[in-house]
Amino acid sequence: WLSDKKTAIASLAIIGSRSAATDNDAIDQAEAALVQLLRRCAYTVRHGPVGVGAEVITAIADNYSPEGLEQVQGILGHAKVVRDADYVLIVGGGKGTLSEADTALQTGKQVLPMPASGGTAASIYMRQLGKSELRAWLSDADFSALATASGQQFAAIVERVTGGNSD
C-alpha cells in the first residue's frame with residue numbers, strides 16, 4: 001500500500017493498548033493522528049496482533065482502502081514487535097506493552113511515549129525523565145513537548161524526529 005510513496009522513511013513499532021489505566025480519549029486522538037501521519041508519510045509499520053498499532057492499520061484499511069493493503073499480520077512475541085524497529089511509539093498500554101517497552105529500551109531503540117494516554121506510555125516517559133540516557137537521541141524540547149502532547153502534537157513530534165517532514 002506504500003507503492004505510490006517513496007522508499008520507507010523509517011520503521012515504526014506502534015505498541016500500546018487500552019486498559020483501566022489508560023485514557024481512551026487520548027488514545028482515540030493519537031490513533032486518528034497516526035492514521036493521517038501514515039497516509040502522508042511512508043513508514044514501515046510493525047505491531048502486535050492486537051492493540052493500538054493494529055487499530056491504526058485497521059482504521060486505514062477500513063476508511064481509506066489503499067491499494068495493496070489487503071492483508072496485515074500482527075507480530076507475535078513482545079520482543080519481536082520492537083526488534084527491527086527504528087522507533088518505538090507507545091500509546092497507552094498494560095503489562096504486555098511494558099514488556100515490549102523494556103525490550104526496546106534495553107536494546108537502545110528510540111522510544112517515543114505519549115504520556116497523556118496513560119498506562120505504560122506514562123510510566124516509560126517518567127523513566128526517561130529520570131534517566132536522560134534513555135532519550136539522549138531526542139532534543140530536550142521534543143522530550144518536554146511529549147509530556148502534554150495531544151494526539152496531533154504527538155504525531156507531529158513523531159514526524160519531525162523520524163524525518164517524515166521535509167522542513
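**Labels and cut-offs**

Reply: The chain holds seven helices and four strands, where helices (H or I, at least four residues) and strands (E, at least two) are DSSP runs numbered from the N terminus. From the N terminus on, the order is β-α-β-α-α-β-α-β-α-α-α. This is a predicted model, so local features need pLDDT of at least 70 and side-chain atom pairs count only at pLDDT 80 or more, while totals for chains, interfaces and linings use all residues. Residues are numbered from 1 along each chain as its sequence is written, and side-chain values use heavy atoms, with hydrogens and water left out.

Me: How many aromatic pairs does a search of the whole structure find?

Reply: Two. Rings of Phe, Tyr and Trp (its six-membered ring) pair if their centres lie within 6.5 Å; planes under 30 degrees apart count as stacked, over 60 as edge-to-face and the rest as tilted.

Me: Why is the pair of Tyr87 and Trp137 called edge-to-face?

Reply: The ring centres are 5.9 Å apart and the planes stand at 65°, so Tyr87 and Trp137 pair edge-to-face. Tyr87 sits in strand β3 (residues 87-91) and Trp137 in the loop between α5 (119-130) and α6 (140-146), so the pair ties together parts 50 residues apart in sequence.

Me: What makes Tyr87 count as buried?

Reply: Buried means under 20% relative accessible area, exposed over 50%, and partly exposed in between (1.4 Å probe, protein chains only). Tyr87 has 11%, so it is buried. Trp137, at 27%, is therefore partly exposed.

Me: And why are Tyr125 and Phe143 called stacked?

Reply: Their ring centres are 4.3 Å apart with planes at 10°, so that pair is stacked. Tyr125 belongs to helix α5 and Phe143 to helix α6, and the pair links distant parts of the chain, 18 residues apart. Tyr125 has a relative accessible area of 6%, so it is buried; Phe143 has 3%, so Phe143 is buried too.

Me: How do you know that the charged end of Arg135 sits over the ring of Phe143?

Reply: The charged end is 4.2 Å from the ring centre. The label needs NZ of Lys or CZ of Arg within 6 Å of the ring centre and within 35 degrees of the ring normal. Arg135 is listed as sitting over the ring of Phe143.

Me: What makes Thr97 buried, and what is Thr97 in contact with?

Reply: Thr97, found in helix α4 (residues 95-106), has 5% relative accessibility, so it counts as buried. Contact means heavy atoms within 4.5 Å. Leaving aside neighbours within four places in sequence, Thr97 is in contact with Ile15, Gly16, Ser17, Ile90, Gly92 and Thr120.

Me: Why is Arg46 called buried?

Reply: Its relative accessible area is 15%, so Arg46 is buried. Arg46 lies in strand β2 (residues 44-46). Its C-alpha atom is separated by 9.8 Å from that of Ile57, 11 residues apart along the chain.

Me: How much of the chain counts as buried?

Reply: Of the 167 residues, 47% do. Among contacts between residues at least 6 apart in sequence, 70% join residues at least 24 apart.
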